Amino acid sequence: MSEKKEPLFSAKNLKLITNPLGAQNPITVQVLGICSALAVTAKMEPAIVMGLSVLAVVVFSNLIISLLRNTIPSRIRIIVQLVVVAALVILVDQVLKAFAYEVSKQLSVFVGLIITNCILMGRLEAFALGNKPWQSALDGVGNGAGYAMILIIVAFFRELFGVGTLTFPGLGSIQIIPQSFYDMGYMNNGLMILPPMALIVVGIVIWVQRYRNKSLQES
Amino acid sequence: MDKQGNSYTFIYATVMVVVVAALLAFVSQVLKPTQNKNEEVAKKIEILRSVNIESTAKDAEAKYEQYIGANAYILNYEGQKQEGNAFAVDLSKELKKEASQRAYPIYECTLDGGVKKFIIPVRGKGLWGPIWGFVALNDDKATIFGATFGHKGETPGLGAEIDKEKFQAPFRGKSIFNKDNALVSIQVIKTGASVNPDHEVDAISGGTITSKGVESMLKDCFAGYEKFLKN
């Protein structure tokens, strides 16, 4: 091999992880995967589990497609991608049903709908088909984490102001807003846990990000 | 080999599908027992909730043993006890049979203080898919002590509200028999249109088809228990 060996975490490779967290975020910048982001963010726990599920699926599908990229007949490449993604999603769904039954019930159809999540197909088409496995896996980590991050931020505000608690996997629901606040007349905002508020919170996140990052602003 | 040729494409697709199918079948087999266990526990939680006992995945089994235990049995259409495991009866299969051929499971729950409740499992159709529930009757076999409903995929915010306390609580204290001892079940009606509050609860606005589904589910399922309940 003539090409120079690149270190595993070279600056270029690290960019693959950090870019999707910020200026290339799949939700707030590319506006992909909105449906599930709105649906599962009423509480922290499903948001975290959903984020991890998508992270796992996007990493492994990127990796597998990248490994297969030179063998895939181009006429059926979308079908191949779909089969790989669908298989991984069903694996995740089965594992959740076996080991996190309550959460899997809350996520209901949205785990299955990871298959149609545009982030996955987008990454496979745009990146994994043309890059080496290691870079593709890193790209998957970045995009999965970027997706999970937004879900968790949105869920944090929605649950905190909507119910006054934060729910973590394995820890259960933790009361964050003290009883004394309620005694003084503070009230949970029921609107926060309804779907419209998810859209508004995502909108606020996008606004804050564009305000801080001038390069994202359209002229 | 030509990677864009028909035979390559065909073989590629076949091999891939077989590999994926084998993998998924294997995983499904390995995880099946754990999943079934989870479903059983979830069912026990629902049954207990119909008699207003809250439980979690951890203590549901113990509480089920304590309050119901072996006091679950199958009735036939005539209201006589049958052999068999009531908990294992699959209502979706039973409902496909003739009413007189069905197995009618019933759970007898003894609460603290020795009060007896009869829990009847119900199942029917909502707007998008199956809906189900458990209705607990007092020992007069007529007044509802508690009800809990679940659904596969009703519209969130509308029909899906049947699994919420707000919809379920009004069922408490309603009677499924009228003064003449005829089975009238429970009507789900528009708010304010009440004529006979003893047998009516409020429907969910915007969730009419699901609400009506609950109504016909109760009517159909209670009908099979009529002879038992009148005894």
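**Close-up views of a predicted two-chain model**

**View 1. A residue pair between strands E1 and E3 of chain B.** B:Ile74 stands opposite B:Pro105, a residue of E3(B). The model shown in this and the other views is predicted. The strands E1(B) and E3(B) are joined by 4 bridges and pair in the antiparallel sense.

**View 2. The hairpin of E1 and E2 in chain B.** The strands E1(B) and E2(B) run antiparallel and are joined by 2 bridges. Across this pairing, B:Leu75 stands opposite B:Lys81 in E2(B). The hairpin has 5 residues between its strands, and B:Gly79 takes a positive phi near 85 degrees there.

**View 3. The largest nonpolar core.** This core has 49 residues. Among those with the most contacts inside the core are B:Leu48, B:Ile106, B:Tyr107, B:Ile119 and B:Val135. Which elements of chain B each supply at least two residues of this core? They are the helices H1 (6-50), H2 (60-67) and H5 (208-230), together with the strands E1 (72-75), E3 (104-110), E4 (116-125), E5 (130-137) and E6 (144-151). Leaving aside residues up to four places away in sequence, B:Val135 touches B:Ser50, B:Ile120, B:Val122, B:Ile144 and B:Ala147. Another core, of 47 residues, lies apart from the largest one; A:Ala37, A:Met50, A:Val57 and A:Ala155 are among its residues.

**View 4. The annotated span of chain B and B:Thr208.** An unreviewed UniProt entry gives the annotation "domain: FMN-binding" to residues 126-225 of chain B. The end C-alpha atoms of residues 126-225 lie 22 Å apart, and the span is 22% helix and 22% strand. UniProt also lists B:Thr208 for "modified residue: FMN phosphoryl threonine", again in an unreviewed entry. B:Thr208 lies in helix H5 of chain B. Is B:Thr208 buried, exposed or partly exposed? B:Thr208 counts as partly exposed because it has 15 C-beta neighbours inside 10 Å, whereas a buried residue needs 20 or more and an exposed one has 12 or fewer.

**View 5. The contact between chains A and B.** Chain A gives 16 residues to the contact and chain B gives 20 residues. On the side of chain A that touches chain B, helix H4 (77-99) and helix H5 (101-107) of chain A each supply at least two residues. H4(A) supplies the largest share of that side, 9 residues. The residues on this side of chain A divide into 11 nonpolar, 2 polar and 3 charged.

**View 6. Chain A on its own.** Chain A has 10 helices and 2 strands. From the N terminus on, its elements run α-α-α-α-α-α-α-α-β-β-α-α. Along the principal axes, the C-alpha atoms of chain A fill a box of roughly 70 × 45 × 30 Å. Of the 219 residues in chain A, 36% are buried. Among contacts in chain A with a separation of 6 or more, 78% are between residues 24 or more positions apart.

Key:
Residues are numbered from 1 along each chain as its sequence is written. Chains are lettered from A and ligands numbered from 1 in the order in which they are written. This is a predicted model: local features need pLDDT of at least 70, side-chain atom pairs count only at pLDDT 80 or more; totals for chains, interfaces and linings use all residues. Two residues are in contact if their C-beta atoms, placed from the backbone, lie within 7 Å. Ala, Val, Leu, Ile, Met, Phe, Trp, Tyr, Cys and Pro count as nonpolar, Asp, Glu, Lys and Arg as charged, and the others, Gly among them, as polar. UniProt positions are given in the numbering used here, feature names are shortened, and annotations may be inferred rather than shown by experiment. A nonpolar core is a set of buried Ala, Val, Leu, Ile, Met, Phe, Trp, Tyr and Cys residues joined through C-beta atoms within 7 Å. Two strands pair if DSSP finds at least two bridges between them.
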